[in-house]
Amino acid sequence: IGGAYQVIENADTLYISVRTQYVAAGTPISIVMRDSRGTTIDSAATTSGTPDADAMSRVLVTLPAAATAAPGQYQIEAILDGVSQGMRPMAIGTN
C-alpha cells in the first residue's frame, strides 16, 4: 500500500496495481473496496506473479463496481496470503 490519496470521477472502472517484494509466485492476493461504513462494495482475488531479479512482482486487479459506486469516500485494502497489508483512502466524484 503506497502512493498518494486518490480521487476518481464517477463511471470509472478501478484498476489497482499491486507490487510485491520477496513474495513467492502464486501467493494469494485480495483487494477489497469498502465504503465509509465498512461495507464491502467489491473485491477481487489474484495471485502474485513470478518475481524478477530484484524479487519484485506486479499484478493488475480490476474492480468494476467502482463504475456504479455512489460518490463518496472509500477504502481499498490489500490482503496478502490472508494478512491485511493496510488500507488506502480513495474518493469517487468528490474532492
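The side chains of D35 and R37 meet in a salt bridge, with N and O 3.0 Å apart; the term is used here for a side-chain nitrogen of Lys or Arg within 4 Å of a carboxyl oxygen of Asp or Glu. This is a predicted model, in which local features need pLDDT of at least 70 and side-chain atom pairs count only at pLDDT 80 or more, while totals for chains, interfaces and linings use all residues. Residues are numbered from 1 along each chain as its sequence is written, and side-chain values use heavy atoms, with hydrogens and water left out.

Buried means under 20% relative accessible area and exposed means over 50%, with partly exposed in between (1.4 Å probe, protein chains only).

## The second salt bridge

The structure holds two salt bridges, and one of them joins E77 to R34, whose closest N and O atoms are 2.4 Å apart. Because E77 lies in strand 6 and R34 in strand 3, this pair ties together parts that are 43 residues apart in sequence. Both E77 and R34 are buried. As a general point, side chains of opposite charge can pair when their charged atoms come close.

## How strand 3 is paired

Strands are DSSP runs (E, at least two residues), and helices are runs of H or I of at least four residues, numbered from the N terminus. Two strands are said to pair if DSSP finds at least two bridges between them. Strand 3, which covers residues 28–35, is joined to strand 6, residues 72–80, by seven bridges, and the two run antiparallel. Within this pairing, S30 has I79 as its bridge partner, and I29 stands opposite L80.

Strand 3 also pairs with strand 4, residues 40–47, in the antiparallel sense over seven bridges, and here P28 has T47 as its bridge partner. These two strands form a hairpin with four residues between them, and in the turn G38 has a positive phi of about 95°. Six of the eight residues of strand 3 are buried, so this strand is largely enclosed by the rest of the structure.

## A hairpin and two positive phi values

Strand 6 is joined to strand 7, residues 83–92, by eight bridges in an antiparallel arrangement, and Q75 stands opposite P89 in strand 7. Strand 6 and strand 7 form a hairpin with two residues between them. D81, in the loop between these strands, has a phi near 50°, a positive value in a residue other than glycine, and D81 is exposed, with a relative accessible area of 54%.

Y22 also has a positive phi, near 60°, and lies in the loop between strand 2 (14–21) and strand 3. Y22 is exposed, with a relative accessible area of 69%. Most residues other than glycine have a negative phi.

## The nonpolar core

The largest nonpolar core has 17 residues, and those with the most contacts inside it are L14, I31, M33, L63 and I76. Such a core is a set of buried Ala, Val, Leu, Ile, Met, Phe, Trp, Tyr and Cys residues joined through side-chain atoms within 4.5 Å. Strand 2, strand 3, strand 5 (56–63), strand 6 and strand 7 each supply at least two residues of this core. In soluble globular proteins, nonpolar side chains tend to be buried together.

Not counting residues up to four places away in sequence, L63 touches several residues, including L14, I31, M33 and I76, where contact means heavy atoms within 4.5 Å.

V61 lies in strand 5 and is buried, with a relative accessible area of 4%. The C-alpha atoms of V61 and S17 are separated by 6.3 Å, although the two residues are 44 places apart along the chain. Leaving aside neighbours within four places in sequence, V61 is in contact with residues including L14, I16, I31 and A44.

S57 is likewise found in strand 5 and is buried, with a relative accessible area of 5%. A polar atom of the S57 side chain lies 2.9 Å from the backbone nitrogen of G49, and, leaving aside neighbours within four places in sequence, the contacts of S57 include V18, T20, G49 and P51.

Definitions and conventions
Polar contact = N/O pair within 3.5 Å; in protein donor to acceptor, adjacent residues only side chain to side chain.
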